[in-house]
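Dear colleague,

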Amino acid sequence: MNTMILSAQAAQQGGGLGFLVMMVAIFVIMWLFMVRPQQKKQKKIREFQNAIKAGDQVVTGGGIYGTVRFIDQARNTVDLEVAHGVTIKVDRGYIFQSTDAAAATTAQK
């Protein structure tokens with residue numbers, strides 16, 4: 001009878017370790033399949049934003065297509081010409097891709 005109680009207690013103690021190992025494994029899987037690809041995508045967007053120059057045709061986060069006319073490094077803004085003679089000021093962080101990349105993405109769908 002005592003051996004059954006001792007073996008039941010040992011099983012309960014091992015269950016906590018198994019739960020901990022399972023939680024760590026779930027965290028690692030989530031990081032590999034969700035967090036890491038998102039970090040790579042954000043890094044690629046940041047590199048694109050830093051490489052923008054006047055004359056580039058880009059798409060903003062709101063879906064506005066335009067041509068970069070002037071980049072204000074101090075304020076981190078971009079003057080974007082959206083129609084002939086119509087220029088808007090956009091935060092550089094809201095420009096996500098070039099029009100070529102947007103067309104390629106649309107063609108894949």
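Predicted model: local features only at pLDDT ≥ 70, side-chain atom pairs only at ≥ 80, totals over all residues.

Strand pairing

Strand 3 and strand 4 run antiparallel and are joined by 6 bridges. The two form a hairpin with 2 residues between them, and G85, in that turn, has a positive phi of about 85 degrees. Strand 3 also pairs with strand 2, again in the antiparallel sense, over 5 bridges. Here D72 finds its bridge partner in T77 of strand 3. Strand 2 and strand 3 likewise form a hairpin, with 4 residues between them; in its turn, N76 has a positive phi of about 60 degrees.

Strand 3 is mostly covered, with 5 of its 7 residues buried. The largest nonpolar core consists of 8 residues: I52, V58, V68, I71, V78, L80, V90 and I95. At least two residues of this core come from strand 2, and at least two from strand 3. As general background, nonpolar side chains in soluble globular proteins tend to be buried together.

Within this core, L80 deserves a separate word. Leaving aside residues up to four places away in sequence, L80 touches V58, T60, G66, T67, V68, V86, T87, I88 and V90. Among these contacts, V58, V68 and V90 are also listed in the core.

Salt bridges

How many salt bridges does the structure hold? There are 3, and each is described below.

The side chains of R69 and E81 meet in a salt bridge at 2.5 Å, N to O. Because R69 lies in strand 2 (residues 65-72) and E81 in strand 3 (residues 77-83), this pair ties together parts that are 12 residues apart in sequence. R69 is partly exposed, at 45% relative accessibility, whereas E81 is buried, with a relative accessible area of 17%.

A salt bridge also forms between the side chains of K89 and D79, at 3.2 Å from N to O. This pair links distant parts of the chain, since K89 belongs to strand 4 (residues 86-91) and D79 to strand 3, 10 residues apart.

The remaining pair is K53 and D56, whose side chains meet at 3.3 Å, N to O. K53 counts as exposed, with a relative accessibility of 51%. In general terms, side chains of opposite charge can pair when their charged atoms come close.

The loop around G55

Where is G55 found? G55 sits in the loop between helix 1 (2-50) and strand 1 (57-60). With a relative accessible area of 44%, G55 is partly exposed. The C-alpha atoms of G55 and R69 are separated by 6.0 Å, although the two residues are 14 residues apart along the chain. Not counting residues up to four places away in sequence, G55 touches T67 and V68. V68 is one of the residues of the largest nonpolar core, and R69 is the residue whose side chain forms a salt bridge with E81.

Yours sincerely

Definitions and conventions: Residues numbered from 1 in each chain as written. Heavy atoms only, no water. Salt bridge = Lys/Arg side-chain N within 4 Å of Asp/Glu carboxyl O. Buried < 20%, exposed > 50% of the residue type's maximum accessible area, 1.4 Å probe, protein only. Core = buried A, V, L, I, M, F, W, Y, C linked by side-chain atoms within 4.5 Å. Contact = heavy atoms within 4.5 Å. Pairing = 2+ DSSP bridges.
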